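Have a look at the structure first.

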Amino acid sequence: RPLSCSGFALVLPVVLSVVVMGANRFGLACCLAQTAVAGVLRIAMLESMQEGNNYGRAMSEFFIPQLEEMGGFHVADEEEAYSIGFSHFGATVYNSESIVEEALAKIRAGQNPEGEYVGDFDVIFVGSGTGENNQLMARLIEREGIPNVHCSAGDPRIWTAETPHAFGMHYPYTWYSRGLLREASQRDLKSVVIIRTGFQTFWGESGMAAREWARELDMRVIGPSLDWCRKYAESYTRTCRIVGDACRCGLQSEYDEFGYKMDVENMVSFYEIDEMRSWGWQWPDAPYPVPILVELVHGIIEDVRAQGGDPDVVVSWLINGRSAQVAMREALFNYKIGFGLPNENSTGWRGYVDRDENGTESRPMNDVTYNMAAGQFHPGIDFKDPIMGSTSRMVSLWQDQFGTLPNDNDATTTAAAAVVITGLQKFGTKLANLSIEERRTTIRYAIGAVNEETVSGVVAFNRFGQNTGGLPVTWQVLEDGSTVPVLPASAAPATLRVPAPSW
């Protein structure tokens, strides 16, 4: 007859190595499973390594050691402190069912990536920079009934009622211009020009969303005229067309897909430039201005001025923002806030560093001073955090350990771990005597109930599991070329500077 679990626990320290190898043989498997998970929250991470995001390092090399130094964490009124048991499943890229299923088969069996038994997993973390991969993994993990927290995935269309065990840490990327436009409206800045690329991707969708936020705030949108449409729509845009006696850009289906309220046929549109077609079918993220794109932005500026004057706010969702910046400087476009124009010290698509064909770099600082942008994280923001204490402390510890600043993946992964722990501390019940199914249910509900400030901002999940607890961080370029967060104001070290631009 198998020994009782209570009797087994008394001799566990002495016979642990033997029992691990022969538990099933002696009828003690149930006891081992129950005892092995006591005091351990077991997390598996599925990470697409091809993207170079390195979410796993934020857990294994940073957060878990920090938690261990704190002595672990407690759940409900359990006396024993919990630690995290972490298994990192890093594949080249999790972009097919077979690759994901291979990892899930081991997780289902309580095995680590090497196939060794480690115990049942309570939570899965997902690290992937693409919405498609996150959506695939959420769907397949749902079959396992395991709570899964995605350390990215800002596309709001990913999150549906079909995956109730999935939670996304990123704010909707369509919200990037929302905080800035709210701030502009509060400062009584009333008019806005929105320019977007023709690609129906992150950039195009973000430009479409900016138009929705302007509608929401009742701002006056200066958009394409009939004359502009006749001159540019057919050859240089993807969606602009003449509707009656007006020019309209964007499709109603775009807004409907996101649940927005814009009436495309009857409301003023954004401007649009098909950057790729305009530039001979080249991808437009070159680290220098493109003459034809500069010329097309000049055409937009002329059309805006023909309607009564320069706007208070410019929102640009062009991929080659340098071209827009050059045109606006040459035309002395007199806006007060410029969002989405070059805003970081790099030669990337966001960057204000130009590199010509000979590789020579220049920094037109007078052009970009006070430009603004937004994203999921900025190392200069300073939120409170239930585990790390604050963003500034997390950034300092990270710099001491790795010699670099944390990026948004590092911060969001750290925040995800804090969310799981804080959820259990505030809303969980004793886990020690629960079955693995009961533990997972408890953890799922605890995560869903969280409304907490973390190193990457306020986290609170909507009914579909996406984080909508706050707004993305908005930053501004200063005179020395550095960037500083200015929104949300409660956690930002600086105040938004208006007016811009420097000319």
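How many aromatic pairs does a search of the whole structure find? The search turns up 21 aromatic pairs, where rings of Phe, Tyr and Trp (its six-membered ring) pair if their centres lie within 6.5 Å. Take Trp 203 and Trp 349: this aromatic pair is edge-to-face, at 5.4 Å centre to centre with 85° between the planes. For the wording, planes under 30 degrees apart count as stacked, over 60 as edge-to-face and the rest as tilted. The pair links distant parts of the chain, 146 residues apart, with Trp 203 in helix H7 (residues 202-216) and Trp 349 in the loop between strand S12 (337-339) and strand S13 (354-355). Helices (H or I, at least four residues) and strands (E, at least two) are DSSP runs, numbered from the N terminus.

A word on where this comes from: it's a predicted model, in which local features need pLDDT of at least 70, side-chain atom pairs count only at pLDDT 80 or more, and totals for chains, interfaces and linings use all residues. Residues are numbered from 1 along each chain as its sequence is written, and side-chain values use heavy atoms, with hydrogens and water left out.

**The sheet**

Now for an open sheet of 5 strands, in the order S2-S1-S3-S4-S5 and with parallel pairing. Two strands pair if DSSP finds at least two bridges between them. Sitting at the edges are strand S2 (83-91) and strand S5 (166-168), each pairing on one side only. On average, neighbouring strands of this sheet are turned by 20° against each other, direction ignored. Strand S1 (residues 40-48) pairs with S2 in the parallel sense over 9 bridges, and Arg 42 has Gly 85 in S2 as its bridge partner.

Helix H3 (residues 55-69) lies across S1, S2 and strand S3 (123-127), and runs at about 170° to S2.

**Helix pairs**

Axes here are lines fitted to C-alpha atoms, for helices over the stretch in contact, and angles run from 0 to 180 degrees between N-to-C directions.

| Helix pair | Axes come within | Crossing angle, roughly |
|---|---|---|
| H3 and H14 (residues 391-402) | 12 Å | 115° |
| H6 (residues 178-186) and H7 | 10 Å | 30° |
| H8 (residues 226-236) and H11 (residues 291-306) | 11 Å | 150° |

As for the naming, angles under 35 degrees count as roughly parallel, over 145 as roughly antiparallel, 65 to 115 as roughly perpendicular and the rest as oblique. With that crossing angle, H6 is roughly parallel to H7, while H8 is roughly antiparallel to H11. H3 and H14 are roughly perpendicular to each other.

Handedness comes next: a crossing is left-handed if the near helix is turned anticlockwise from the far one by less than a right angle, and right-handed if clockwise. The H3 and H14 crossing is right-handed, and the crossing of H6 and H7 is right-handed. H8, on the other hand, passes H11 in a left-handed crossing.

And which residues touch? Contact means heavy atoms within 4.5 Å. From H8 come Trp 228, Tyr 232 and Tyr 236, and from H11 come Ile 292, Leu 296, Gly 299, Ile 300 and Asp 303. By class, this contact has 6 nonpolar, 1 polar and 1 charged residues. In those classes, Ala, Val, Leu, Ile, Met, Phe, Trp, Tyr, Cys and Pro count as nonpolar, Asp, Glu, Lys and Arg as charged, and the others, Gly among them, as polar.

In H6, Arg 178, Leu 181 and Arg 182 meet Ala 210, Trp 213, Ala 214 and Glu 216 in H7. That contact divides into 4 nonpolar, no polar and 3 charged residues. In the H3 contact, Arg 57, Ala 58, Glu 61, Phe 62 and Gln 66 meet Arg 393, Met 394, Leu 397, Trp 398, Gln 401 and Phe 402 in H14. The class count there is 6 nonpolar, 2 polar and 3 charged residues.

**Cis peptide bonds**

Finally, check the segment after strand S21 (483-487), where Pro 488 is found. The peptide bond from Leu 487 to Pro 488 is cis, with omega near 0°. Pro 499 also has its place in the segment after S21, and the peptide bond from Val 498 to Pro 499 is cis, with omega near 10°.
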